[in-house]
Amino acid sequence: MAPDVIVVGLGSMGAAAAYQLAKRGARVVGLDRYRPPHRYGSHGGGSRIIRMAYAEGAGYVPLLHRAHKLWREAERAAGAKVLTRTGGLILGRPESPTVAGAIESAARHGLAHEVLDADEVRRRFPMFTPGDGDVALYEEAAGAIRPEVAIGMFLDLAAGAGADLRYDAPITGWRAGNDGVAVTTTDGEITAERLVLCPGAWAGDMLADLGVPLKVQRRIQHYWESGADEMRVGRFPVWIWESARGVVAYGMPRLSSPPGWEDLAPELVKVAFHTGDEPDEPGEILMPTLPEEVRAIQEWLEPRLPRLLHATWMFGQPCRYTTTPDGHFVLGRHPDHERVAVAAGFSGHGFKFVPVVGEILADLTLAGGTANDIRLFRPDRFRTVA
Ligand SMILES: Cc1cc2nc3c(=O)[nH]c(=O)nc-3n(C[C@H](O)[C@H](O)[C@H](O)COP(=O)(O)OP(=O)(O)OC[C@H]3O[C@@H](n4cnc5c(N)ncnc54)[C@H](O)[C@@H]3O)c2cc1C
């Protein structure tokens, strides 16, 4: 029997969508070119930050409330733990977009938070040495998510709800018409009523007709080994620091090592630059970490988290951002094909939203609309009027 829905891409967003669709009774076929979780897309590296005070736009906050609820529901359904509450610091000059935006978002939505001056940060979090004019927003609700565990959880839940998940199954094309949709695979064509496209870094090709100028960019996540108690969860929060306009770095406390590196050390501290502009091409080859990239992050850390440099740098793991010109997601019904829903362009900040994106994709596919406000993410917003 033909499926009701085909989900293409079973990474972060597709895994959650497959689960939501199957849970609601749809016959789902899910396809991925690899076997997620994997290291070639946007979800590798062992940890992702989740926070509420959202500098990227106060409009994200209602979705974050919903995402939190759905993360907890999924954890309960699977008997898994993917979220760790650590508290979170957002540091920088008070007028920097990262800090000012987070404070504005917290105020607008009445989120529990504190604004700390530099002395208070140094007193409460002695690992951090902000400059005298710096401030920080502290949010207790922030934490870390384990992306590979989360994707495994959603895929298990989806399979448990009856989804037919197929791996090492790249699709080479898709089409949609009045009667249904079809995707082409190396084994032939699969048809269905509806299609959900979540191709991550491969969206440039698969969603070329949307006219979104997506950029794929390589980012290195750096890992340090430290047994220091001051870097454990409970003493060391997740953090984001805008050090100069346009330069943003972030990091995590000691957490389980990313998959594949556990033999090296069971737990590692992570730091990475969020900003940067290194173009990349989707595919299995990701250029390994260069010595100058290690030097750059060490130089950045030296005045700000000097004690971290007492720890041992272990390795860097590359990963891919797929960014839109305005940094907002591409999420909604395909403007030309009402049977197709799309989720792409998560611009380096999508993971915390995974379960609510899954819900939205299932809503659009099975109910034709969603109660979540997704106007900011309109897939046709970059189309120019002829
Ligand atoms: C270094 C780094 C740090 C980040 N930190 C954070 C953070 O702290 N907090 C946060 O919220 N977000 C963070 N993000 C962003 C977040 O991880 C991404 O937004 C999210 O993983 C994107 O999910 P996706 O489903 O679009 O892509 P993916 O998870 O990569 O999934 C796409 C899937 O599509 C499959 N696919 C592609 N083409 C085809 C095809 N033709 N046929 C079949 N399958 C196909 C791929 O194999 C892949 O499995 C970070 C990202 C990176 C790279």
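## Basis of the model

Helices (H or I, at least four residues) and strands (E, at least two) are DSSP runs, numbered from the N terminus. The model is predicted: local features need pLDDT of at least 70, side-chain atom pairs count only at pLDDT 80 or more, and totals for chains, interfaces and linings use all residues. Residues are numbered from 1 along each chain as its sequence is written, and side-chain values use heavy atoms, with hydrogens and water left out.

## A cis peptide bond

P37 is placed in the loop between β2 (28-31) and β3 (48-50). The peptide bond that runs from P36 to P37 is cis, its omega being near 0°.

## Packing of α2 and α5

Helix α2 (residues 61-78) packs with helix α5 (residues 147-160) at an angle of about 65°, and their axes are 10 Å apart. Axes are lines fitted to C-alpha atoms, for helices over the stretch in contact, and angles run from 0 to 180 degrees between N-to-C directions.

In contact (heavy atoms within 4.5 Å), W71, A74, E75, A77 and A78 of α2 meet A150, M153, F154 and L157 of α5. These residues divide into eight nonpolar, no polar and one charged; Ala, Val, Leu, Ile, Met, Phe, Trp, Tyr, Cys and Pro count as nonpolar, Asp, Glu, Lys and Arg as charged, and the others, Gly among them, as polar.

## Positive phi values

D168, in the loop between β9 (164-166) and β10 (171-176), has a positive phi near 50° although the residue is other than glycine.

S347 lies in the loop between β20 (337-344) and α8 (354-367). The phi of S347, a residue other than glycine, is positive and near 50°.
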